[in-house]
Amino acid sequence: MTVDAERFRAISLDDLTMPGGWSVSAGQTFLYTPAELQLMQEARAFAQREILPQAAAAHRRVKEIKAKHEAGPERRSLLREMARAYLKLIGEAGLTGALFPEAFGGNGRGVVAECIVDEELAAVGHPADTLRSVTLTLGTISILRYGTEAQKRRHIPPRLAGEELAATPPACRRARC
């Protein structure tokens, strides 16, 4: 049996070839199923087409908001408005529901799909990507696991659609968020 060493090499600077992002080598993706590879290509194309062109302006807007507004409710509100628009855009593309069952607006693809989408979206560098992760994982998985049926129906679908963000943690309200 012949082993292709390229498939097992570590990521190097030569792999940082995608404009506005990065790409993993074939060695990092050869274990993906055909459906996972297709999802990776779709998420990458979406991120390059829809997110990358607005990422630099979004970073400038965040800096502008932080320069003009002291930490507090007004700043949080402006930043959350940006995050909602980002989540709405990726929600409309069907890229927010991998961890959630169809009954709540997800697509139930699972953890690997969530990681694939997360990597492709993060690679283009939109500043709201962290909020996406917090809203869809930390903030919403607990509702899926421990919430009542009414809480699940009330909170999960709007979060997957980008209409609701996870609540601002009290520590963030007291800090310089």
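1. How much space lies in the largest cavity? About 40 Å³ lies there, in a predicted model whose local features need pLDDT of at least 70, whose side-chain atom pairs count only at pLDDT 80 or more, and whose totals for chains, interfaces and linings use all residues. Residues are numbered from 1 along each chain as its sequence is written, and side-chain values use heavy atoms, with hydrogens and water left out.

2. The protein chain has seven helices and zero strands (DSSP runs numbered from the N terminus, with helices being H or I of at least four residues and strands E of at least two). Of the 177 residues in the protein chain, 40% are buried, that is, under 20% relative accessible area with a 1.4 Å probe, protein chains only.

3. Helix 3 (residues 73–92) and helix 5 (residues 129–146) pack at an angle of about 75°, with their axes 9 Å apart; axes are lines fitted to C-alpha atoms over the stretch in contact, and angles run from 0 to 180 degrees between N-to-C directions. Helix 3 and helix 5 are therefore roughly perpendicular to each other, a term for angles of 65 to 115 degrees. Helix 3 brings Ala83, Tyr86, Leu87 and Ile90 to the contact, and helix 5 brings Asp129, Leu131, Arg132, Thr135 and Leu136, where contact means heavy atoms within 4.5 Å.

4. Among the residues that line the largest cavity are Leu39, Gly94, Asn107 and Arg109, lining residues being those with an atom within 4 Å of a point on a 1 Å grid where a 1.4 Å probe fits but cannot get out. Helix 4 (residues 111–123) gives the most to this lining, with three residues.

Definitions and conventions: Angles under 35 degrees count as roughly parallel, over 145 as roughly antiparallel, 65 to 115 as roughly perpendicular and the rest as oblique. On a 1 Å grid over the protein atoms alone, a cavity is a set of points where a 1.4 Å probe fits but cannot get out, and a pocket is an open set with protein on both sides within 12 Å along at least five of seven lines; lining residues have an atom within 4 Å of a point. Grid points are joined across faces, edges and corners, and a volume is the space filled by probe spheres set on the points. Buried means under 20% relative accessible area, exposed over 50%, partly exposed in between (1.4 Å probe, protein chains only).
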